[in-house]
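Hi,

Here is the structure I promised to pass on.

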Amino acid sequence: LVVQRSSDKNQFTSPLKRPTDLGGKEIWIRCAEVYTGSVPPDATGFKIGLVDKDDTTVFIDSKSAGGVPRPFDRRSDDLAHFGKDLTKTMLKTLRFPIDCFKIGTKIKTDSIKAIVLHLDRADNRALAFDQWQIV
C-alpha cells in the first residue's frame, strides 16, 4: 500500500472483528518513505492510533518507534557506475508496544476495536506500508 496525504484528516481505519484485549502486545507495521527521484533533507512520518470500545482514541508518532526509514541515496554513485539510479524504498518494521498508548491516557487496552493510521505530515510525502501485525 502506497499512500499520500490528501487532507488534514487523512486516516485509514482498520476495525477489528470484535473488541480485543491487546494488553502486553505490540503492533508491528512495516513501512518506508517512498523514493521519488530525490531524498528530501528532513524525515517524514505518521501517527498510529488505537480506538477502544468507548471511542477513546490515542495516537503515537512513528518517531517514538525509531522513525520511518528513509531511502539510502545512491543516485550519484549509481549514475556514475551503472548509468541509472538504483535507489529504492526499503521497508522496515516499526514496533509499538501497547503500554505506550496508555501513558497519560484513559484508553482501555483490554477492549480495542480499531487501529488507525493518520497521515499528519504537511510535507505530503508518499509512504509505503506492507503489513501490520498484532504480536
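The chain has two helices and eight strands, and going along the sequence they come in the order β-β-β-β-β-α-β-α-β-β. Bear in mind that this is a predicted model.

Some overall numbers to start with. The C-alpha trace spans about 55 × 30 × 25 Å along its principal axes. Of the 135 residues in the chain, 37% are buried. If you take the contacts with a separation of 6 or more, 82% of them are between residues 24 or more positions apart. The chain exposes about 7,900 Å², with carbon and sulfur atoms supplying 50% of that. As for charge, there are 22 positive and 18 negative ones, and their mean positions sit 3 Å apart.

Now the aromatics. The count comes to two aromatic pairs. In one of them, the ring centres of F46 and F96 are 6.5 Å apart and the planes meet at 65°, so this pair is edge-to-face. F46 is in the loop between β3 (26–33) and β4 (47–52) while F96 is in strand β6 (residues 92–97), so the pair ties together parts that are 50 residues apart in sequence. Both F46 and F96 are buried.

The other pair is F46 with F129: centres 5.1 Å apart, planes at 80°, so edge-to-face again. With F46 in the β3–β4 loop and F129 in strand β8, this pair ties together parts that are 83 residues apart in sequence. F129 is buried, as is F46. Put together, F46, F96 and F129 make one aromatic cluster.

R121 counts as buried because its relative accessibility is 17%, below the 20% cut-off. Its side chain makes a polar contact of 2.8 Å with the side chain of D61.

Last one: W132, in strand β8. At 27% relative accessibility, W132 counts as partly exposed. Again leaving out neighbours within four places in sequence, its contacts are S14, W28, I29, I48, I115 and L117.

Cheers

Notes:
Residues numbered from 1 in each chain as written. Predicted model: local features only at pLDDT ≥ 70, side-chain atom pairs only at ≥ 80, totals over all residues. Heavy atoms only, no water. Buried < 20%, exposed > 50% of the residue type's maximum accessible area, 1.4 Å probe, protein only. Polar contact = N/O pair within 3.5 Å; in protein donor to acceptor, adjacent residues only side chain to side chain. Helix = DSSP H or I, 4+ residues; strand = E, 2+ residues; numbered from the N terminus. Contact = heavy atoms within 4.5 Å. Areas by Shrake-Rupley, 256 points an atom, 1.4 Å probe, with all protein chains shown as cover. Lys, Arg positive; Asp, Glu negative; His and termini not counted. Charge placed at Lys NZ, Arg CZ, Asp CG, Glu CD. Phe/Tyr/Trp six-rings, centres within 6.5 Å; stacked < 30°, edge-to-face > 60°.
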